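Please look over the chain shown here.

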Amino acid sequence: KMDYFEIYRSTKSGSYGSEPLFTTPNGNWTSYKNTKSLKKGTKYYYRVRGVRTVNGVKYYTQWSNQANRIYR
């Protein structure tokens, strides 16, 4: 059971910033539609990780497999 998920986006494979693009409000989300600041013809890479907080300490799941999409 996850408290929430962090979604990261990049335009370079394997190169992600330290801040997530989006954080879900709870752990029940099963999909996310990205519509923020997209440029036509650009390939975007995504990865996700789950977060669980126990006694004020954050525990992270392993990263998801990288997914990519081209905005058309």
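The overall fold comes before the details.

This is a predicted model: local features need pLDDT of at least 70, side-chain atom pairs count only at pLDDT 80 or more, and totals for chains, interfaces and linings use all residues. Residues are numbered from 1 along each chain as its sequence is written, and side-chain values use heavy atoms, with hydrogens and water left out.

**Overall fold**

The chain has 0 helices and 5 strands. Helices (H or I, at least four residues) and strands (E, at least two) are DSSP runs, numbered from the N terminus. The order along the sequence is β-β-β-β-β. The C-alpha trace spans about 45 × 20 × 20 Å along its principal axes. Of the 72 residues, 21% count as buried. Buried means under 20% relative accessible area, exposed over 50%, partly exposed in between (1.4 Å probe, protein chains only). The accessible surface is about 5,400 Å² (Shrake-Rupley method, 1.4 Å probe). Carbon and sulfur atoms hold 46% of that surface. Contact means heavy atoms within 4.5 Å. Among contacts with a separation of 6 or more, 54% come from residues 24 or more positions apart.

**Strand β1 and its partners**

Strand β1 covers residues 4–10. It is largely enclosed by the rest of the structure, because 5 of its 7 residues are buried. Two strands pair if DSSP finds at least two bridges between them. β1 runs antiparallel to β3, and 7 bridges join them. In this pairing, Ser-10 stands opposite Tyr-45 of β3. β1 also pairs with β2 in the antiparallel sense, over 2 bridges. There, Glu-6 has Thr-23 as its bridge partner.

**Arg-49**

Arg-49 lies in strand β3, residues 43–54. Is Arg-49 buried or exposed? Its relative accessibility is 17%, so Arg-49 counts as buried. Its side chain makes polar contacts with the side chains of Glu-6 (2.8 Å) and Tyr-8 (3.3 Å). A polar contact is a pair of N or O atoms within 3.5 Å; within protein, one must be able to donate a hydrogen and the other to accept it, and residues adjacent in sequence count only if both atoms are side-chain atoms. Leaving out residues up to four places away in sequence, Arg-49 touches several others, including Tyr-4, Phe-5, Tyr-60 and Trp-63.

**Aromatic pairs**

Rings of Phe, Tyr and Trp (its six-membered ring) pair if their centres lie within 6.5 Å; planes under 30 degrees apart count as stacked, over 60 as edge-to-face and the rest as tilted. The count is 3 aromatic pairs. Two of them are tabulated here.

| Pair | Centre to centre | Angle between planes | Class |
|---|---|---|---|
| Tyr-8 and Trp-63 | 5.0 Å | 85 degrees | edge-to-face |
| Phe-22 and Tyr-32 | 4.6 Å | 20 degrees | stacked |

Tyr-8 in β1 and Trp-63 in the loop between β4 (57–60) and β5 (67–70) are 55 residues apart. Tyr-8 is buried, at 4% relative accessibility, whereas Trp-63 is partly exposed, at 34%. Phe-22 lies in β2 (residues 22–23) and Tyr-32 in the loop between β2 and β3, 10 residues apart. Tyr-32 is partly exposed, at 27%. Ring pairs link Phe-22, Trp-29 and Tyr-32 into a cluster.

**Arg-47 over two rings**

A charge sits over a ring if NZ of Lys or CZ of Arg is within 6 Å of the ring centre and within 35 degrees of the ring normal. Arg-47 sits over the ring of Tyr-8, 5.9 Å from its centre. Arg-47 also lies over the face of Trp-63, at 3.7 Å from the ring centre.
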